[in-house]
Amino acid sequence: MNVYDVIQRPLVTEKSNIAREEVNVVTLAVNPRATKYDIRNAVESLFGVQVLEVHTMRQPRKSKKVGKFTGRKPEWKKAIVRLAEGQSIEFFEGV
């Protein structure tokens, strides 16, 4: 799997910002077919940081109703990546 296909977007929430500041943890939305090893290699090669551990979780499909139409939001995968002490990813610094 290509490293550019693994990471889809950063997840910026209040809980993820607190974890990033206090515990040096980054939360990312990733490709549902990516493994922990794929995620580790993608983060290390794209951002030049050392990854200590990766936790993943699958977020289930949810029903969404708009007016009389009912649809479903897709299933997606979240990765919680703990970085080595003193390292960070630059795109979070401006947030």
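Trainee: How much accessible surface does the protein chain have, and what share belongs to carbon and sulfur atoms?

Mentor: About 6,600 Å², with 49% on carbon and sulfur atoms. Areas come from the Shrake-Rupley method with a 1.4 Å probe, and for residues only the protein chains shown count as cover. Keep in mind that this is a predicted model: local features need pLDDT of at least 70, side-chain atom pairs count only at pLDDT 80 or more, and totals for chains, interfaces and linings use all residues. Residues are numbered from 1 along each chain as its sequence is written, and side-chain values use heavy atoms, with hydrogens and water left out.

Trainee: In what order do the strands of the open sheet come?

Mentor: E1-E2-E6-E3, with antiparallel pairing. Pairing needs at least two DSSP bridges between two strands. The edges are E1 (7–10) and E3 (51–59).

Trainee: How many bridges join E2 to E6?

Mentor: Six, between residues 25–30 and residues 76–83. Val26 sits opposite Val81 there.

Trainee: And which strands does helix H3 lie across?

Mentor: Helix H3 (residues 36–47) lies across E1, E2, E3 and E6, at about 125 degrees to E3. Axes are lines fitted to C-alpha atoms, for helices over the stretch in contact (heavy atoms within 4.5 Å). Angles run from 0 to 180 degrees between N-to-C directions.

Conventions:
Helices (H or I, at least four residues) and strands (E, at least two) are DSSP runs, numbered from the N terminus.
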